[in-house]
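Work through the exercises below with the sequence and the model at hand. Each task is followed by a solution in steps.

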Amino acid sequence: MRFSSATMRTVVTEIIGVVLVMVLLLAMLISTFSFLADEGGFVGLRHVFLHEKGKHRASALHRKLLVRSLAMEEPNRIGEKCTGADIVISQGPTAPLSTGIPTYTVQIMNMCAAGCDISGIHLHCGWFSSARLIDPKIFKRLRYNDCLVNDGKPLVTGDVLTFEYANTFSYPLSVSSVSCH
């Protein structure tokens, strides 16, 4: 069976068009993942924790929803029962409000290995505000860059406080002070 040269040109042109569209879609997909990922890796394959003294990596083969706080300190256990480093803050994006305002879920965890209850947890939080009401017994801004967790009451070892806030951007949250028990 023979095809005319006009038919062959049409088929080849359509194939080239489909291939170009697929390459364009693949390039858009890769650029999206590159934008969201750390150092060109795909989202979920690497999870990077930042430390004041540099970058430390922890490989993860599954997708992580929450990202740890940027300002982590390493605990100095000599003569100390607990430190601010025992409070781990993670947050990540969640489904936006019906108005389109982005929302974020925050988890504040007491990870004290010595079994200490930590109270008076204050966070650096800038001008934190939310379009969604947050229970002030869980989290509230007292003044600029000072937010109180759990109404100042102890967070027992292993406990996790969770809340959601809504704003056009996420707030970096980090521990400013704690009281150990």
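A residue is called buried under 20% relative accessible area, exposed over 50%, and partly exposed in between (1.4 Å probe, protein chains only). The model is a predicted one, where local features need pLDDT of at least 70 and side-chain atom pairs count only at pLDDT 80 or more, while totals for chains, interfaces and linings use all residues. Residues are numbered from 1 along each chain as its sequence is written, and side-chain values use heavy atoms, with hydrogens and water left out.

**Exercise 1.** State how many helices and strands the chain has, and in what pattern they follow.

Solution. Helices (H or I, at least four residues) and strands (E, at least two) are DSSP runs, numbered from the N terminus. Along the sequence the pattern is α-β-β-β-β-β-β-β-β-β-β.

**Exercise 2.** Find what share of the chain's residues is buried, and what share of its contacts between residues at least 6 apart in sequence joins residues at least 24 apart.

Solution. Of the 181 residues, 31% are buried. For the second part, a contact means heavy atoms within 4.5 Å. Among contacts between residues at least 6 apart in sequence, 57% join residues at least 24 apart.

**Exercise 3.** Count the salt bridges and describe the one between Arg132 and Glu164.

Solution. A salt bridge is a side-chain nitrogen of Lys or Arg within 4 Å of a carboxyl oxygen of Asp or Glu. The rule gives three salt bridges. In one of them, the side chains of Arg132 and Glu164 meet at 2.2 Å, N to O. Arg132 is in the loop between β6 (118-124) and β7 (139-143) and Glu164 in strand β9, so the pair ties together parts 32 residues apart in sequence. Arg132 is partly exposed at 31% relative accessible area, and Glu164 is partly exposed at 33%.

**Exercise 4.** Describe the salt bridges of Asp151 and Asp146.

Solution. Asp151 pairs with Lys140, with the closest N and O atoms 3.5 Å apart. Because Asp151 lies in the loop between β8 and β9 and Lys140 in strand β7, the pair ties together parts eleven residues apart in sequence. Asp151 is partly exposed at 30%, and Lys140 is partly exposed, also with 30%. Asp146 meets Arg143 at 2.5 Å, N to O. Asp146 is buried, at 13% relative accessibility.

**Exercise 5.** Is Asn150 buried or exposed, and which residues does Asn150 touch beyond four places away in sequence?

Solution. Asn150 sits in the loop between β8 (146-149) and β9 (160-166). Its relative accessible area is 17%, so Asn150 is buried. Not counting residues up to four places away, Asn150 touches Lys137, Ile138, Leu155 and Leu161.
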